[in-house]
Amino acid sequence: MQNSQVCVLSSSFVKSIEHKSQAPSVLYSEIAILGRSNVGKSSIINLLLNNKNLAKSSSTPGKTRLINFFLSSWRLDGVVYDLRFIDFPGFGYAKVSKEERNMWDRNLSAFLKVRDSIKLFIHLIDSRHTNLVIDNEIKNFLNSVLRSDSKILSVFTKSDKLTKNDLTKLKQNNCLCVSHNDKQSIESLRLMILNSLYGV
Ligand SMILES: Nc1nc2c(ncn2[C@@H]2O[C@H](COP(=O)(O)OP(=O)(O)O)[C@@H](O)[C@H]2O)c(=O)[nH]1
Ligand SMILES: [Mg+2]
């Protein structure tokens with residue numbers, strides 16, 4: 001159906017965990033949001049889930065080593081989809097020791113490898129800095145945990161900061177660009193999520 005819109009019926013915070021043993025039971029298709037600190041992970045969750053205060057923007061980015069779970073119900077063309085979003089803060093956070101960082105990355109890796117309910121990995125990339133080493137590391141990392149029934153979607157954030165020219169160039173490469181002041185971009189991402197998970 002053309003011009004269908006996703007209606008966000010409800011959204012809520014589920015829990016924060018430190019270790020994979022504390023993860024909520026696997027009941028829903030899960031969408032993992034990853035990207036370097038400050039790229040806009042919490043903001044995109046709040047925008048997608050239509051609730052400004054759900055995921056907290058931390059004043060000390062990356063300090064929080066917790067995996068946060070959110071639940072949201074969306075309706076499209078009369079069908080309701082229950083989705084669970086997972087916010088992974090602190091990926092590759094630079095201001096901790098290499099040892100601590102490696103430990104966190106190993107912890108993440110262990111979680112992602114066993115969490116087979118994650119059907120979609122959304123890798124957020126700052127649209128102003130599309131070639132950072134950390135993003136290549138995240139890309140490789142995601143490819144290493146990807147299963148045959150899961151997908152990776154790269155999404156470019158903060159596109160309001162780009163010049164018109166640079167935005168056009170990025171879009172020409174079929175890149176999905178989002179920004180907090182472009183509601184249509186958020187709606188496109190919702191549709192893309194449902195399409196990736198359910199082929200709708
Ligand atoms: N200009 C602009 N700033 C944004 C956008 N999304 C997030 N930000 C800002 O970027 C900073 C980091 O966002 P946050 O969601 O906390 O990033 P996180 O560390 O990846 O969770 C905050 O100051 C946000 O207000 C956007 O689309 N455009
Ligand atoms: Mg955050």
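Is His180 buried or exposed? In this predicted model, His180 is exposed, because its relative accessible area of 58% is over the 50% cut-off.

**Around His180**
- You can find His180 in the loop that links β7 (176-177) to α5 (183-198).
- Setting aside residues up to four places away in sequence, His180 touches Leu47 and Asp160.
- Asp160 sits 20 residues from His180 along the chain, and the C-alpha atoms of the two are separated by 8.0 Å.

**Where α1 meets α5**
- Helix α1 spans residues 41-48, and its axis comes within 10 Å of the α5 axis, crossing at roughly 85°.
- The two helices, α1 and α5, are therefore roughly perpendicular to each other.
- On the α1 side, the contact is made by Ile44, Leu47 and Leu48, while α5 brings Ile186, Leu189, Arg190 and Ile193.
- Sorted by class, this contact of α1 with α5 has 6 nonpolar residues, 1 charged residue and no polar ones.

**Around Ser117**
- Ser117 has its place in the loop between α2 (98-114) and β5 (118-126).
- With a relative accessible area of 4%, Ser117 is buried, because that value falls under the 20% cut-off.
- The side chains of Ser117 and Glu30 are joined by a polar contact of 2.6 Å.
- Leaving out neighbours within four places in sequence, Ser117 is in contact with Val26, Tyr28, Ser29 and Glu30.

How values were computed. Residues are numbered from 1 along each chain as its sequence is written. Chains are lettered from A and ligands numbered from 1 in the order in which they are written. This is a predicted model: local features need pLDDT of at least 70, side-chain atom pairs count only at pLDDT 80 or more; totals for chains, interfaces and linings use all residues. Side-chain values use heavy atoms; hydrogens and water are left out. Helices (H or I, at least four residues) and strands (E, at least two) are DSSP runs, numbered from the N terminus. Buried means under 20% relative accessible area, exposed over 50%, partly exposed in between (1.4 Å probe, protein chains only). Contact means heavy atoms within 4.5 Å. Axes are lines fitted to C-alpha atoms, for helices over the stretch in contact, and angles run from 0 to 180 degrees between N-to-C directions. Angles under 35 degrees count as roughly parallel, over 145 as roughly antiparallel, 65 to 115 as roughly perpendicular and the rest as oblique. Ala, Val, Leu, Ile, Met, Phe, Trp, Tyr, Cys and Pro count as nonpolar, Asp, Glu, Lys and Arg as charged, and the others, Gly among them, as polar. A polar contact is a pair of N or O atoms within 3.5 Å; within protein, one must be able to donate a hydrogen and the other to accept it, and residues adjacent in sequence count only if both atoms are side-chain atoms.
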